[in-house]
Amino acid sequence: MAVRCGLKIRRKQAMSAIDTVVVPIHRAGWPFIAGFAVVSLILGLAVWAPLGWIGLVLTLWCAYFFRDPDRVTPTRPGLLVSPADGRVTMIVQAVPPKELGMGDKALTRISVFLNVFNVHVNRVPADGTIVAAEYHKGTFVNAALDKASDENERMAFRHRLPDGREIAYVQIAGLVARRILWWVKAGQQVKAGERFGLIRFGSRTDIYLPDGVAPLVCVGQTAIGGETILADLDGTEAQRQGDVRR
């Protein structure tokens, strides 16, 4: 009996060790990973062996791109967490996308740029209800540019918080990204940290804060989707100053 219990413990420890190294892959990535693998095999066997090794590297990168790690989301009411992994590239005053019907008043917008090495699964910033979910077909200019918020293909969400205030967050396609995926719809109740979409491949995610709410991040700071606190709706702390790129 003791031997059997010992084997179970060691098996659990081994599985725990594997889980810390092998990050889950989002189901949306498996067709791409399989495609890369098949093409790599064909190139390596039928064309030229070194091409197969290059394809293997690209296949591994594709699997890395579609990783979908678990996150520990802060649960205190009033906190807004980052909807995406990446670098904060802009904190400006801007009007939310017109298709959301939130008016013409400029709100604080935090832009998080995702490069091709970041996790691209998007997460809900706070508990609440999706009021509107609107797709806008557009161009594919560099997502790091300010004009990408207006010109690029995007999927925008209007989100009502439990206290009645509203935020907006927007998935924006970039030069490389050519497909935006989302899994929530208008009228749906959501929880902070819940996965709501994915962008392939490089892209940007914007979040518009309620009027009068100060951001708690700086330009140049690295954000982790579902974990990094962007703002505290009930806080009195002044806006963070500085640019960590300098």
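Is Asp127 buried, partly exposed or exposed? Asp127 is partly exposed, with a relative accessible area of 31%. The close-ups below, all taken from a predicted model, start with this residue and its partner.

**View 1. Asp127 pairs with Lys191 in a salt bridge.** The closest N and O atoms of the two residues are 4.0 Å apart. This pair ties together distant parts of the chain, 64 residues apart: Lys191 lies in the loop between strand E9 (189–190) and E10, and Asp127 in the loop between strand E4 (121–123) and strand E5 (128–136). Lys191 counts as exposed because its relative accessible area is 54%.

**View 2. Arg154 and Glu99 meet through their side chains in a salt bridge.** Here the N to O distance is 2.8 Å. Arg154 sits in strand E6 and Glu99 in the loop between E2 and E3, so look for partners 55 residues apart that link distant parts of the chain, with Arg154 buried because its relative accessible area is 4%. Glu99, at 23%, is partly exposed.

**View 3. Asp211 forms a salt bridge with Lys105.** Their closest N and O atoms lie 2.6 Å apart. The partners are 106 residues apart, with Asp211 in the loop between E11 and strand E12 (222–223) and Lys105 in the loop between E2 and E3. Asp211 is exposed, with a relative accessible area of 52%.

**View 4. Ile110 belongs to the largest nonpolar core, which has 29 residues.** Ile110 is one of the residues that touch the most other members, along with Leu80, Phe157, Tyr169, Ile207 and Leu209. Strands that each supply at least two residues of this core include E2 (86–94), E3 (107–114) and E7 (166–173). Leaving aside neighbours within four places in sequence, the contacts of Ile110 include Val88, Met90, Thr205, Pro215 and Leu230.

**View 5. Ser203 carries a UniProt annotation.** The unreviewed entry gives "modified residue: Pyruvic acid (Ser)" for this position. Ser203 is found in strand E11 (residues 203–208), and it counts as buried because its relative accessibility is 0%.

**View 6. Helix H3 (residues 49–65) holds Leu60.** Together with Trp53 and Leu56, Leu60 makes a nonpolar surface patch of about 360 Å². Leu60 is exposed, with a relative accessible area of 57%. Ala63 is also found in helix H3. Beyond its neighbours within four places in sequence, Ala63 is in contact with Ile25 and Ile33.

Technical notes
Residues are numbered from 1 along each chain as its sequence is written. This is a predicted model: local features need pLDDT of at least 70, side-chain atom pairs count only at pLDDT 80 or more; totals for chains, interfaces and linings use all residues. Side-chain values use heavy atoms; hydrogens and water are left out. UniProt positions are given in the numbering used here, feature names are shortened, and annotations may be inferred rather than shown by experiment. Helices (H or I, at least four residues) and strands (E, at least two) are DSSP runs, numbered from the N terminus. Buried means under 20% relative accessible area, exposed over 50%, partly exposed in between (1.4 Å probe, protein chains only). Patches are made of residues with over 30% relative accessible area and no salt bridge: like charges are joined within 9 Å, nonpolar side chains (Val, Leu, Ile, Met, Phe, Trp, Tyr) within 5 Å. Accessible areas come from the Shrake-Rupley method with a 1.4 Å probe; for residues, only the protein chains shown count as cover. A nonpolar core is a set of buried Ala, Val, Leu, Ile, Met, Phe, Trp, Tyr and Cys residues joined through side-chain atoms within 4.5 Å. Contact means heavy atoms within 4.5 Å.
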